[in-house]
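I opened the model to look up a few local features. My notes follow.

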Amino acid sequence: MGDVELRTDFSRINQSKAIFDDIYALDDPRAYFSVLGDLDYMIPDVAEPVVRQILAAKASATGRKPVVLDVGCSYGINAAVHRFPLTFGGLRHRYARREMRAISSETLVRLDRNFYAAWPDVGLARFIGLDVSAPAIGYATAVGLIEQGIVADLETEALSTDSAPVVRSADVIMSTGCIGYVTEKTFSKILDATEKRPWIISFVLRMFPFDSLAATFAKHGLVSQRLTGATFIQRRFRDAEEFESCLAALTRLGVDATGLESEGLFHADLILSRPETDARANPLEDIVTVASGRGRPIGPRYVHVEGNEGLQVALEP
């Protein structure tokens with residue numbers, strides 16, 4: 001695995017990151033797309049081709065369409081970009097239109113239900129979701145992006161008897177940014193409720209160590225493999241403080257940020273956790289091919305430059 005053998009307090013690392021709690025507490029995703037879009041948030045788009053390849057391998061192994069539990073699903077964006085020929089960037093532009101910003105949430109939900117229903121569903125899986133935000137889960141289910149949604153904070157509470165049957169159906173568990181906000185506590189409760197040993201797709205910011213989660217997964221009969229030679233951009237840093245705090249967190253972990261976070265962008269690793277027999281039969285490197293050339297225009301980035309007084313923070317256009 002190559003994980004740092006260190007259990008780090010995620011809450012301390014999270015002090016390095018900007019807080020966006022308010023954008024997840026609204027009845028529709030307009031603020032979510034506006035705020036994160038302004039920071040070139042792209043992890044749903046860059047993760048989707050990889051998720052598709054893994055889901056195809058899972059479907060091939062079982063002979064059926066898997067059920068995906070998206071942990072930290074918010075407004076169901078991972079389901080949207082997987083199931084339909086859409087992108088985060090394209091959806092952001094949709095919600096940025098003056099006409100869309102002027103309508104009520106109730107009207108937007110009705111329009112979005114029709115919008116998604118009008119697209120062909122090209123997904124390889126059925127989606128269910130888990131999130132602490134009731135408004136986000138309500139939107140995702142109302143517009144048809146996820147079939148069922150669970151509102152729960154499994155860091156602090158037990159999985160309810162009503163929610164357990166929903167979790168039990170999961171063949172694949174995925175997260176594209178919640179690890180760090182949630183820990184092994186959440187995943188342990190999910191795995192305790194599943195009938196089978198699901199595959200777990202984790203896109204984890206490199207500032208968060210994975211050893212405690214890997215140990216929890218191992219207790220449930222899963223081995224974890226990290227994809228080597230590729231990382232996945234999440235977004236730009238919001239400001240110089242977030243930039244430098246992230247680099248400091250990486251330094252404490254002994255992770256080299258050169259050419260990655262040092263260039264002004266959050267980077268995530270892909271880790272796939274599965275039963276050992278599945279991992280041996282279908283190695284991660286044989287499943288996933290990461291295509292280059294997914295570059296896109298990026299807004300101003302915080303970078304380090306060498307000055308008379310050593311390394312200094314600069315805003316690079």
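Which residues are exposed on the other side of α12? I found Glu241 and Thr251 there; exposed means over 50% relative accessible area, buried under 20%, and partly exposed in between, with a 1.4 Å probe and protein chains only.

This is a predicted model, where local features need pLDDT of at least 70, side-chain atom pairs count only at pLDDT 80 or more, and totals for chains, interfaces and linings use all residues. Residues are numbered from 1 along each chain as its sequence is written, and side-chain values use heavy atoms, leaving out hydrogens and water.

**Helix α12.** I noted Glu242, Phe243, Cys246, Leu247, Ala249, Leu250 and Leu253 as buried in α12. Seen down the axis, these buried residues fall within an arc of 160° (taken from the directions from the helix axis to the C-beta atoms), so they line one face of α12. Gly254 follows α12 and has a positive phi, near 75°. Helices (H or I, at least four residues) and strands (E, at least two) are DSSP runs, numbered from the N terminus.

**Asn78.** I looked up Asn78 in helix α4 (residues 77-83). Asn78 counts as buried because its relative accessibility is 9%. Its side chain makes a polar contact of 3.2 Å with the side chain of Asp70; such a contact is a pair of N or O atoms within 3.5 Å, and within protein one must be able to donate a hydrogen and the other to accept it, while residues adjacent in sequence count only if both atoms are side-chain atoms.
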